[in-house]
There are 2 protein chains.
Amino acid sequence: MTERLIRVVRPEINHPSLQDNTADTDRVVKALKKHLGVNSIDVDFSLIKELPYKLRDNSYKICACIFQTNDIVELIDVYPAEGTDIYGIAIDLGSSTIVMDLIRLNDLKNIDEVTFRNPQIEIGTDILTRIHYASKPEGLNKLQSMLIDEMNKYIQQLCDRHNISTDTIVGISVAGNTSMTHLFLGLTPQWICREPYIPVINKFERPLKAYQVGLKANKRAMLIVFPNVGSYFGGDLIAGILASGMARQNEEICMLVDVGTNAEVVLGNGDWLIACAGAAGPALEGGVANIGMMAGPGVIDRVKIDPETLEIEYHTIDDLPPVGICGSGLIDLVAQMFIAGMIDMRGKFVPERCGNRLVEKDGIMYFIVVPAEESGTGEDLTLSQPDIDSLIRSKAAMYTILTTIINTVNLSFNDIGKFYIAGTFGSYINPQSAITIGMIPDLPLDTYVALGNTSIKGASLIFKSKDYYEEMLKIRDMITYIELNVNQEFMQLFSAAKFIPHTDRSLFPSVKQYNEK
Amino acid sequence: MTERLIRVVRPEINHPSLQDNTADTDRVVKALKKHLGVNSIDVDFSLIKELPYKLRDNSYKICACIFQTNDIVELIDVYPAEGTDIYGIAIDLGSSTIVMDLIRLNDLKNIDEVTFRNPQIEIGTDILTRIHYASKPEGLNKLQSMLIDEMNKYIQQLCDRHNISTDTIVGISVAGNTSMTHLFLGLTPQWICREPYIPVINKFERPLKAYQVGLKANKRAMLIVFPNVGSYFGGDLIAGILASGMARQNEEICMLVDVGTNAEVVLGNGDWLIACAGAAGPALEGGVANIGMMAGPGVIDRVKIDPETLEIEYHTIDDLPPVGICGSGLIDLVAQMFIAGMIDMRGKFVPERCGNRLVEKDGIMYFIVVPAEESGTGEDLTLSQPDIDSLIRSKAAMYTILTTIINTVNLSFNDIGKFYIAGTFGSYINPQSAITIGMIPDLPLDTYVALGNTSIKGASLIFKSKDYYEEMLKIRDMITYIELNVNQEFMQLFSAAKFIPHTDRSLFPSVKQYNEK
């Protein structure tokens with residue numbers, strides 16, 4: 001690993017004398033050029049103004065905080081030679097949730113983390129509402145300042161908690177999707193969502209400064225914004241690829257999937273990367289079933305059904321009485337019901353196996369997952385036939401997207417060495433259940449690696465080495481985004497995938513035993 | 001001549017489509033990189049924000065205003081393709097007078113010029129008073145804003161006169177001495193004037209932006225500040241060297257002298273440059289004689305004395321009755337008096353030649369240059385013995401400085417191909433008179449070239465070609481500043497030069513004839 005992106009160095013600076021009376025700034029720049037072996041160093045005008053005082057206050061014995069990439073060297077600040085701790089903040093800029101990590105850059109220690117709601121939710125939970133709002137006069141400014149104010153509140157909180165000055169925050173890295181990145185930077189998002197879907201900027205040739213968006217930090221703190229590939233493939237996914245390490249993989253071919261309402265898929269390694277994104281529907285996140293909810297206390301996240309007794313065992317978060325089921329629990333439940341023969345390969349309830357758990361109401365069949373007397377709500381937690389149908393459509397969409405991208409490069413799933421699942425939701429999925437319902441290919445289980453929140457991981461990684469910064473730029477440049485063409489072939493693949501696990505049973509050998517029942 | 005430093009180019013920009021849906025900024029950058037054949041282009045964040053609108057307002061048919069040096073390419077703004085005139089402002093930042101040229105960059109036409117008093121004179125006519133004031137709280141801010149406000153007033157005036165928008169001013173170049181440059185930029189000058197004389201900055205690695213000092217212009221207008229060599233050798237002299245062309249001279253050795261209270265001297269050519277500066281005293285500018293004054297209406301600027309009749313012929317500016325004498329007139333007068341035998345080689349009045357023009361008052365001898373009845377003041381215009389003594393000390397200092405610098409490189413004055421005299425004052429000097437009094441070496445008269453205001457010339461030149469910008473940086477880097485060591489040898493040279501023209505008559509063959517009288 002090479003040097004860090006932002007680090008403190010201690011150049012030898014000669015005390016001025018009549019024999020060596022060059023200017024303060026030139027003196028520091030010369031010493032740094034020699035120390036670092038570089039030809040040019042940028043110094044912001046605000047620092048030029050402060051340097052004479054900072055140098056004399058420390059009798060020219062200083063250390064220098066520098067930002068260095070392959071192309072750019074910038075002096076961020078100078079401190080007393082005995083040293084000052086410097087900090088970075090990594091930000092996962094989610095449209096609903098924002099995560100901020102405080103990292104001490106001297107030893108790369110993760111000091112603290114805060115998670116908070118994106119305050120723009122007040123304007124609209126979905127991004128399209130916000131984009132529409134941003135097109136109105138002052139709308140963009142308002143959305144941006146809501147966000148920046150809230151971020152500053154939490155930056156201040158992090159600093160207060162650890163008794164550090166915001167002036168010691170010298171770098172901020174931000175990974176978000178394309179629209180959120182625009183709203184964060186105050187760039188109009190109005191042409192992102194209409195044909196031909198044009199962002200204002202994908203890639204910054206030079207990092208911005210935190211003050212340019214009004215973030216509380218050192219006045220010269222660097223602001224590293226993860227680049228976008230396009231309107232539908234943003235910096236959050238570049239951060240994901242960076243965090244997965246797939247672009248550092250020289251031999252194995254890797255696949256990275258961010259499972260959500262939108263399924264974003266990347267395939268490749270250090271030599272090539274292709275990506276696509278498509279709507280999978282909210283069902284995979286448990287967002288449609290009437291008992292579906294986000295992971296939280298009392299939410300069922302794991303399910304097991306005894307194929308003999310048909311008894312349902314479930315696990316709830318914090319072991320509280322069940323109040324609902326999250327995406328991973330839902331995938332488990334449907335997989336287990338299939339294995340137990342309670343639903344057939346079309347996903348339809350099998351009445352003789354469901355028994356009295358199956359009830360009808362207004363012509364719709366419901367399966368009682370948890371009876372009222374066991375539940376935390378005092379009511380039955382039920383799964384309806386339409387819920388299952390919806391999940392099957394979503395998983396079919398996901399599988400079709402995966403198939404399409406692998407076909408594009410004339411490979412098969414068996415060529416995949418590592419299959420990374422990104423996203424907080426992804427970390428809860430039981431891969432075997434996802435395979436059982438035919439959502440992901442039937443690969444050896446150790447192929448699957450859940451990565452958790454790859455946005456914050458990628459955003460943090462950037463501080464670890466300048467190689468990661470360069471890798472971020474490289475990923476951005478090498479990635480080929482393919483538009484998912486929802487044509488006849490796609491629809492045929494989709495139809496075939498709308499079974500559990502698939503019409504072509506040979507694709508899922510590990511599930512075949514249940515299929516034949 | 002290569003490309004201009006700031007110019008308008010017309011890159012081919014593809015209209016976005018589903019097949020080519022890259023972001024607006026990336027699209028423009030890509031087109032410009034191709035058009036210019038460069039690897040990187042900087043785009044200020046403020047322009048990134050505006051680009052989506054500017055591009056769509058012009059259906060992606062735009063021209064681009066770019067700043068380009070060997071190391072930096074920056075997109076300043078975009079305009080409708082049919083073209084917009086762009087302007088530059090060159091500034092001679094004098095401590096008493098400021099000159100501003102408005103230049104149309106499309107055809108490099110000098111559109112207009114304004115000259116105005118440096119408003120900081122209100123705080124102090126001499127620079128030391130201002131430096132002292134700048135060390136007080138808010139003093140520096142006040143000095144800077146006085147200056148910037150006044151400059152903005154004149155920028156606005158220039159724009160109004162020619163009906164152009166300040167938004168079309170895309171570049172500002174400024175040449176001033178080191179202290180004035182500091183006061184202009186809001187950099188503390190307090191360590192310039194005390195040992196070991198350390199400026200805040202000599203050389204900017206990247207140009208600043210006009211908004212950083214608050215100048216009225218396009219919000220991304222480049223601000224090119226001529227670099228300093230040190231506390232006593234500033235950007236005005238770098239501009240002088242640039243304007244003289246001596247650093248483009250490959251064969252002839254050139255000398256450049258800026259004559260004033262401080263004599264600044266540069267010697268060399270395209271291969272080497274050495275410089276020094278020393279106090280010559282205000283006498284050369286006519287600043288000591290009680291009839292001495294700045295050039296202006298009624299001021300005597302040329303004098304001729306008939307060696308036979310001893311009649312004094314003089315020329316006044318605007319042919320008005322004489323009210324005083326300027327530096328060049330004074331040099332003429334003393335040279336002519338010497339030729340006419342009215343003063344001897346020590347500069348003392350020769351009573352038998354001066355006749356009744358010589359009067360005594362309070363033990364001091366006065367020479368009546370213009371009797372009261374001819375003068376514009378109604379009083380005698382007189383030159384005193386101390387006035388002449390003072391002029392002789394000043395000319396001796398000047399000659400000693402010139403001798404010292406030529407000795408440093410083991411050359412003699414005869415090796416000099418061109419002797420440039422910079423400064424408005426310098427353009428009025430009659431070289432033969434300056435030779436006669438022994439102020440400058442006795443070289444063929446066509447060796448001497450008066451350059452006028454080289455600060456404004458150099459500052460304007462920068463816009464003509466990026467080669468001049470690179471030359472400015474090169475001059476800064478190649479120049480060797482030698483401290484004038486006022487040691488015993490210097491004092492011996494100085495003593496020998498305190499005669500008209502010199503104790504060593506062989507140094508001034510063209511003056512020898514008068515000497516022998």
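These legends describe close-up views of a predicted model.

**View 1. Chain A as a whole.**
Chain A contains 15 helices and 22 strands. Its radius of gyration is 26 Å, close to the 24 Å that the globule rule gives for 517 residues, so chain A is as compact as a globular protein of that length. The C-alpha trace of chain A spans about 100 × 50 × 45 Å along its principal axes. Of the 517 residues in chain A, 60% are buried. Among contacts in chain A with a separation of 6 or more, 65% come from residues 24 or more positions apart.

**View 2. The interface of chain A and chain B.**
How many residues does each chain bring to the contact? Chain A gives 46 residues and chain B gives 46 residues. About 3,600 Å² is buried between chain A and chain B, and carbon and sulfur atoms give 60% of that area. On the chain A side, A:Phe45, A:Ile198 and A:Glu205 lose the most area to chain B. Together these residues make up 17% of what that side buries.

Four salt bridges are found across the interface of chain A and chain B. In one of them, B:Arg476 pairs with A:Asp26. Their closest N and O atoms are 3.8 Å apart. On the side of chain A that touches chain B, the elements that give two or more residues are helix H1 (24–36) and helix H2 (45–57) of chain A. The residues of that side divide into 22 nonpolar, 11 polar and 13 charged.

**View 3. The surroundings of B:Lys203.**
B:Lys203 sits in the loop between helix H5 (178–185) and strand S9 (208–209) of chain B. Its side chain makes a polar contact of 3.0 Å with the side chain of B:Asp477. Leaving out residues up to four places away in sequence, B:Lys203 touches A:Asp26, B:Pro227, B:Leu473, B:Arg476 and B:Asp477.

**View 4. Helix H6 of chain B.**
Helix H6 of chain B covers residues 235–244. Nine of its 10 residues are buried, so the helix is largely enclosed by the rest of the structure. Which residues of H6(B) are buried? They are B:Gly235, B:Asp236, B:Leu237, B:Ile238, B:Ala239, B:Gly240, B:Ile241, B:Leu242 and B:Ser244. B:Gly245 follows H6(B) and has a positive phi, near 80 degrees.

**View 5. The salt bridge of B:Arg7 and B:Glu3.**
Over all chains, the structure holds 40 salt bridges. One joins B:Arg7 to B:Glu3, with the closest N and O atoms 3.1 Å apart. B:Arg7 has 12% relative accessibility and counts as buried. B:Glu3 is partly exposed, with a relative accessible area of 40%.

**View 6. The salt bridge of B:Lys219 and B:Glu50.**
B:Lys219 and B:Glu50 form a salt bridge, with the closest N and O atoms 2.7 Å apart. B:Lys219 lies in the loop between S9 and strand S10 (222–225) of chain B, and B:Glu50 in helix H2 (residues 45–57) of chain B, so the pair ties together parts that are 169 residues apart in sequence. B:Lys219 is partly exposed, at 45% relative accessibility.

**View 7. The salt bridge of B:Lys209 and B:Glu74.**
The side chains of B:Lys209 and B:Glu74 form a salt bridge of 2.6 Å, N to O. B:Lys209 belongs to strand S9 of chain B and B:Glu74 to strand S4 (residues 73–80) of chain B, so the pair ties together parts that are 135 residues apart in sequence. In chain A, salt bridges that share partners join A:Glu50, A:Lys54, A:Asp77, A:Lys219 and A:Arg220 into one network.

**View 8. B:Ile456 and its contacts.**
B:Ile456 is part of helix H12 (residues 454–461) of chain B. Its relative accessible area is 7%, and B:Ile456 is buried. Not counting residues up to four places away in sequence, B:Ile456 touches B:Ala90, B:Ile91, B:Asp92, B:Val99, B:Met100 and B:Asp101. B:Ala243 is 213 residues from B:Ile456 along the chain, and their C-alpha atoms are separated by 8.8 Å.

Technical notes: Residues are numbered from 1 along each chain as its sequence is written. Chains are lettered from A and ligands numbered from 1 in the order in which they are written. This is a predicted model: local features need pLDDT of at least 70, side-chain atom pairs count only at pLDDT 80 or more; totals for chains, interfaces and linings use all residues. Side-chain values use heavy atoms; hydrogens and water are left out. Contact means heavy atoms within 4.5 Å. Buried area is the accessible area (1.4 Å probe) that two parts lose on being put together, summed over both. Helices (H or I, at least four residues) and strands (E, at least two) are DSSP runs, numbered from the N terminus. Ala, Val, Leu, Ile, Met, Phe, Trp, Tyr, Cys and Pro count as nonpolar, Asp, Glu, Lys and Arg as charged, and the others, Gly among them, as polar. A polar contact is a pair of N or O atoms within 3.5 Å; within protein, one must be able to donate a hydrogen and the other to accept it, and residues adjacent in sequence count only if both atoms are side-chain atoms. The radius of gyration is taken over C-alpha atoms; the globule rule is 2.2 Å times the number of residues to the power 0.38. Buried means under 20% relative accessible area, exposed over 50%, partly exposed in between (1.4 Å probe, protein chains only).
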